[in-house]
Amino acid sequence: MGRDQALQDLYSLWQQVDGSISLPMVGIVGMAGVGKSELAIQYGRSHPNTYPGGVAWFSAETFGQDLRNWLQIEFSPDRDLRHLDRLEQQVALGWKEWRDFCGGRSALVIIDDVTDYQRQVAPYLPQNLPQNLSDGLSQDLHQNPEQPLPFRIILTSRKRLASLFTMPTLDVGELAPEDAVTMLERLAGEARINRDRPTALNLCQRLAYLPLAIALVPLG
């Protein structure tokens, strides 16, 4: 709600990504409650034709394990990824299965609420695959010129990530006042808000026009 322009800006942000990067990545940054996660999810939902290879969402804090478990269910149901010793290796094999499924079609991965990129995210991305997989998966995944990686990554964070300062980033702030009232109207009902619109606007102001705060307002 009220994020149509932000969705357009996020779509345009991909045009700023360096075309030589094997794993295109953009960021969404803003304070808690502004709707970064929802914006990323709505972007994925509104562009199904752009990502026919699939769209997946993960929390950064449990990214490695959750990614492994999801890849296991979706792309490796007949082979237990955990037969490999390390989580990084398990994820690497899952990435290969997903890439093969994509067959050149793009896929989107949303990694939400990143606070420590090097610890939470970097070890489990396809261009950071371990070099000791017995079947050569690491080399195959990011050095095969005939089958480039199909994945695009969106990171959401409350602050800009120092290690990724060159990553194109969308700064998201609070809603415009009227957009905040419109959101409240959809939650409470148009008739109810229209009976006392100044009070509704005052309430949104007190809630700092934050989508999360508005969504949590008791409406009984």
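Good morning. The structure is a predicted model, in which local features need pLDDT of at least 70, side-chain atom pairs count only at pLDDT 80 or more, and totals for chains, interfaces and linings use all residues. Residues are numbered from 1 along each chain as its sequence is written, and side-chain values use heavy atoms, with hydrogens and water left out.

I begin with the overall picture. The protein has ten helices and five strands; these are DSSP runs numbered from the N terminus, with helices being H or I of at least four residues and strands being E of at least two. Of its 220 residues, 46% are buried. Here, buried means under 20% relative accessible area, exposed means over 50%, and partly exposed lies in between, with a 1.4 Å probe and protein chains only. The accessible surface comes to about 11,600 Å², and carbon and sulfur atoms account for 48% of that surface. These areas come from the Shrake-Rupley method with a 1.4 Å probe, and for residues only the protein chains shown count as cover. Contact means heavy atoms within 4.5 Å. Among contacts between residues at least 6 apart in sequence, 72% join residues at least 24 apart.

Let me turn to strand S3, residues 107–112. Six of its six residues are buried, so S3 is largely enclosed by the rest of the structure. In a regular strand the side chains alternate between the two faces of the sheet. In S3, Ala107, Val109 and Ile111 point one way, while Leu108, Ile110 and Asp112 point the other way.

Which strands pair with S3? S2 pairs with S3 in the parallel sense over five bridges, and S4 also pairs with S3 in the parallel sense over five bridges. Two strands count as paired if DSSP finds at least two bridges between them. Trp57 stands opposite Ile110 in S3, and Val109 stands opposite Ile153 in S4.

Next, the nonpolar cores. A nonpolar core is a set of buried Ala, Val, Leu, Ile, Met, Phe, Trp, Tyr and Cys residues joined through side-chain atoms within 4.5 Å. The largest has 32 residues, and those with the most contacts inside it are Phe63, Trp98, Ile111, Tyr117, Leu125 and Leu155. Strands S2, S3 and S4, together with helices H3 and H4, each supply at least two residues of this core. H4 provides the largest share, six residues. A second, separate core of 19 residues includes Val17, Ala40, Tyr51 and Leu210.

Finally, the charged side chains. How many salt bridges does a search of the whole structure find? The search finds eleven, a salt bridge being a side-chain nitrogen of Lys or Arg within 4 Å of a carboxyl oxygen of Asp or Glu.

One of them joins Glu97 and Arg79 at 2.3 Å, N to O. Glu97 lies in helix H4 and Arg79 in the loop between H3 and H4, so the pair ties together parts that are 18 residues apart in sequence. Glu97 is buried at 19% relative accessible area, whereas Arg79 is partly exposed at 36%.

Another salt bridge links Asp113 and Arg158, with the closest N and O atoms 4.0 Å apart. Asp113 lies in the loop between S3 and helix H5, and Arg158 in the loop between S4 and strand S5, so this pair ties together parts 45 residues apart in sequence.

Thank you for your attention.
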